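Take a moment to look over the sequence and the model shown here. The report that follows walks through the fold step by step.

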Amino acid sequence: MAKNTTSSTTAPDTAWLGRGRHLGPEPEQDVRRNLIALKAAGVLDDFLDLEPAEAARATVLHPRDESADPGPLARRLFEARWRVDDDVTVRAQLTTYDPESRRKEGDGVTWILAAEADRAWDARWPSPATMFWPDSEQVPWDHDTVPDVRLRAANHLPKDDDELRRRLRDCTRQSWFVHVVVHEAMTPDTVGQQPIATFLPPGLRHRVIEHRGTPEQAQIADFAMKRELGVRMPRGGAVVLAMDPPGEGYDADRFTVRSVFLDGSEPTELLERIKEFAALPRPLPAEAERALTRLRQGWHLLTPDEELTHAQGMVTKYAEALDAMTKSRDLYREAAEAAQAALAEVSGGDGAALPTAAAKADGSPLKALSKAFGRFREPKK
């Protein structure tokens, strides 16, 4: 997969963005069932299930430009609206996509999720991912676009040196998620094998992917990370990886934790570093910027009050446009009348040319015509 292209825009602190793959047979049906269940439970205010062509369609009341079009590979577009902290509204769109090339078995369906709140995002709020996808290990929606990497799991690093370096490159160049590499000082028991992300607040939990190096991988992981990313892998520690190129405010030492105990206890220092990294300004991948623009400019799920306000705004807009057209028509008519008067003055009123002496006195017929037009020009503002 090609490296992410980034825009010059910084991700707003009001937004939550994610991109992954669903490897199951019916991704849209999984979303649909979850939305229906959450609306029935009162978690969601409302939701919409749209065909891509329907989502991009423009009407007189809802004119839309090309930014509302999810593209030719889009399969389905879902919108949902819910409230957090009682009075903060969150609006979100999830779009599913077919792969760009011929779909192979195991490729899955790509999804892009853009959510935005009325104020800065709080990590304590529910994850937008689980508003659309069931929060179940049995539904395989949580795969990164990087192969063999999954959310909600401790992904063990490849044994092969070349494959390990390729994995690190792909994760820092292609993925939208925060990537953390943890080295096991010794093989943990079942409790210690649970992902670090389970300790994170809900709004951050599905933005973090964890990689694990086994005890014997300490040297090879350190070498690969130093060579590919310019960071060191401390034995029995962890490091939060920067995207390539690193964003503003990233310092490898700052985001390296020397010791992490994988005994089921909360790794406080590592969690703080992950939260701090997630709060740093980060450039938007071009695809993420398009998704955020679609959310803002191609939103469909309006409340009755929002629909009324929108309709009133459109009436005002069209009234202003009509007024401008009327003024333009009147100015055109005045200009035509001015032209007729000027021609009459130049021709002496009977269609015949003025005598040469008269023309010379005023300079020229062209000058006379310009002078006549000048009387009808609008005064300078």
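## The overall picture

The protein chain holds eleven helices and twelve strands. Keep in mind as you read that this is a predicted model. Of the chain's 381 residues, 45% count as buried.

How much of the contact pattern links residues 24 or more positions apart? Among contacts in the protein chain with a separation of 6 or more, such pairs account for 71%.

Let us go inside. The largest nonpolar core has 33 residues, and the members that touch the most others are Val181, Val182, Met225, Val239, Val240, Leu270 and Ile274. Several elements each supply at least two residues of this core: helix 4 (161-174), strand 8 (178-183), helix 6 (218-229), strand 10 (238-240) and helix 7 (268-278). Helix 7 gives the largest share, with five residues.

Leaving out residues up to four places away in sequence, Leu270 touches Val180, Val182, Ile196, Ala238, Val240, Val257 and Val260. There is also a second, separate core, made of 32 residues, and its members include Phe78, Val84, Ala92 and Val146.

## Helix 1 and its buried side

Now turn to helix 1, which covers residues 27-40. This helix has 14 residues and reaches 20 Å from its first C-alpha to its last, close to the 20 Å expected at 1.5 Å a residue. Which residues of helix 1 are buried? They are Pro27, Glu28, Asp30, Val31, Asn34, Leu35 and Leu38. Because these residues cover an arc of only 155° around the axis, they sit on the same side of helix 1.

What do the buried residues of helix 1 pack against? Their partners are strand 2 (15-22), strand 3 (46-50), strand 4 (74-84), strand 5 (88-97), strand 6 (109-117) and helix 3 (129-132). Just after helix 1 comes Gly42, which takes a positive phi of about 85°.

Strand 5 is mostly covered, with nine of its ten residues buried. On one pairing, strand 5 runs antiparallel to strand 4, and ten bridges join the two. If you look at Trp82, you will find it opposite Val90 in strand 5. The hairpin of strand 4 and strand 5 has three residues between the strands, and here Asp85 takes a positive phi near 50°.

Strand 5 also pairs with strand 6, again in the antiparallel sense, over eight bridges. One example to find is Leu94, whose bridge partner in strand 6 is Leu113.

## Charged partners

Side chains of opposite charge can pair when their charged atoms come close. How many salt bridges does the model have? The count comes to 28.

One of them joins the side chains of Arg296 and Glu116, at 2.8 Å from N to O. Arg296 lies in helix 8 (residues 286-297) and Glu116 in strand 6, so this pair ties together parts that are 180 residues apart in sequence. Are these two residues buried or exposed? Arg296 counts as partly exposed because its relative accessibility is 49%, whereas Glu116 is buried, with a relative accessible area of 14%.

Asp142 has 0% relative accessibility, so it counts as buried. Arg150, at 21%, counts as partly exposed; the cut-off for buried is under 20%.

A further salt bridge links the side chains of Arg165 and Asp162 (2.9 Å, N to O). Both residues lie in helix 4, three residues apart, which is about one turn of the helix. Arg165 is buried, with a relative accessible area of 10%, while Asp162 is partly exposed at 42%.

Notes: Residues are numbered from 1 along each chain as its sequence is written. This is a predicted model: local features need pLDDT of at least 70, side-chain atom pairs count only at pLDDT 80 or more; totals for chains, interfaces and linings use all residues. Side-chain values use heavy atoms; hydrogens and water are left out. A nonpolar core is a set of buried Ala, Val, Leu, Ile, Met, Phe, Trp, Tyr and Cys residues joined through side-chain atoms within 4.5 Å. Buried means under 20% relative accessible area, exposed over 50%, partly exposed in between (1.4 Å probe, protein chains only). Helices (H or I, at least four residues) and strands (E, at least two) are DSSP runs, numbered from the N terminus. Contact means heavy atoms within 4.5 Å. The expected span of a helix is 1.5 Å times one less than its number of residues. The arc is that of the directions from the helix axis to the C-beta atoms. Two strands pair if DSSP finds at least two bridges between them. A salt bridge is a side-chain nitrogen of Lys or Arg within 4 Å of a carboxyl oxygen of Asp or Glu.
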